[in-house]
Amino acid sequence: MKRSLFIILSFITLLGLNSCTEDDNLEFVAQAPAEGVSFSNSFASEYLLSTETEANIAERFIWNAADFDAPVNVTYDLEASIDADFATSEILGSTTDTNQAVTVEQLMQFATDLGLDDDPETTTEEGVPNNTGQVYFRLHAYTGTGNANTVDVYSDIQPLTIRVIEKAPTDTTSCPSLYAVGEAVADYGWNFPGAE
């Protein structure tokens, strides 16, 4: 009886050890998402920029989660460029979330790169104010650290029109306005009905 019990326990132990070694060889292979990744929010027709509002959020980009068909960590890079073909680009933020805020200050940097300004006196060669341009955005979703053997996908390019608010010209030829209130006005010969 003891011998049969010993054989059964040995068999169970060997079976248990064998199952543990098989679990170590699990392998997941990430696949490029069939649906890709795309922006899901609506965009304004143009974004007004000024140095006074640089701390404000100009737009919060929202997108669908990329499904790589495996339990992997996914990183999203929001990229922007002044070139429609993304010959040069800048990463505005990396996140594992499905949204990223872009500030007015970040868009003002692209406005500077485009040569836009807030001076109403400067114009393009055609005589049009040079305060409007386009910045292009796309999303790069990838697994792992972005090194070799990384599976990745890019979204479609989303253009945004930016416009730097021009400063109102200041009139330096007119005299400043003078204001007076109270009872002292009567000393200057300004009488109001009912004043004693």
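Predicted model: local features only at pLDDT ≥ 70, side-chain atom pairs only at ≥ 80, totals over all residues.
Residues are numbered from 1 along each chain as its sequence is written, and side-chain values use heavy atoms, with hydrogens and water left out.

**Overall layout**

The protein chain has 2 helices and 8 strands, in the order α-β-β-β-β-β-α-β-β-β from the N terminus. Those elements are DSSP runs numbered from the N terminus: helices are H or I with at least four residues, strands are E with at least two. Of the 196 residues, 28% are buried (under 20% relative accessible area, with exposed over 50% and partly exposed in between, using a 1.4 Å probe and protein chains only). The chain exposes about 13800 Å², and carbon and sulfur atoms supply 53% of that; the areas come from the Shrake-Rupley method with a 1.4 Å probe. Take the contacts (heavy atoms within 4.5 Å) between residues at least 6 apart in sequence: 66% of them join residues at least 24 apart.

The table lists its pairings; two strands pair if DSSP finds at least two bridges between them.

| Partner of β6 | Bridges | Direction |
|---|---|---|
| β3 (residues 74-81) | 8 bridges | antiparallel |
| β8 (residues 158-164) | 6 bridges | antiparallel |
| β7 (residues 152-154) | 3 bridges | antiparallel |

For some landmarks, Glu79 stands opposite Arg138 in β6, Gln134 stands opposite Thr161 in β8, and Tyr142 has Asp152 in β7 as its bridge partner.

Thr75 sits in strand β3 and is buried, at 16% relative accessible area. Leaving aside neighbours within four places in sequence, its contacts are Ser94, Thr95, His140, Ala141, Tyr142 and Gly144.

Helix α2 (residues 104-113) buries Val104, Leu107, Met108, Phe110 and Ala111. They span an arc of only 160° around the axis, so they sit on the same side of α2; the arc is taken from the directions from the helix axis to the C-beta atoms. An α-helix has 3.6 residues a turn, so residues three or four places apart point the same way. Just after α2, Gly115 has a positive phi of about 80°.

**Aromatic rings**

There are 5 aromatic pairs in the structure. Rings of Phe, Tyr and Trp (its six-membered ring) pair if their centres lie within 6.5 Å; planes under 30 degrees apart count as stacked, over 60 as edge-to-face and the rest as tilted. Phe39 and Phe43 are edge-to-face, because their ring centres are 6.0 Å apart and their planes are at 90°. Phe39 is buried at 15% relative accessibility, whereas Phe43 is partly exposed at 22%.

Phe61 and Phe137 make a tilted pair, with centres 4.7 Å apart and planes at 35°. Phe61 lies in strand β2 (residues 57-62) and Phe137 in β6, so the pair ties together parts 76 residues apart in sequence. Both Phe61 and Phe137 are buried. Ring pairs link Phe39, Phe43, Phe61 and Phe137 into a cluster.
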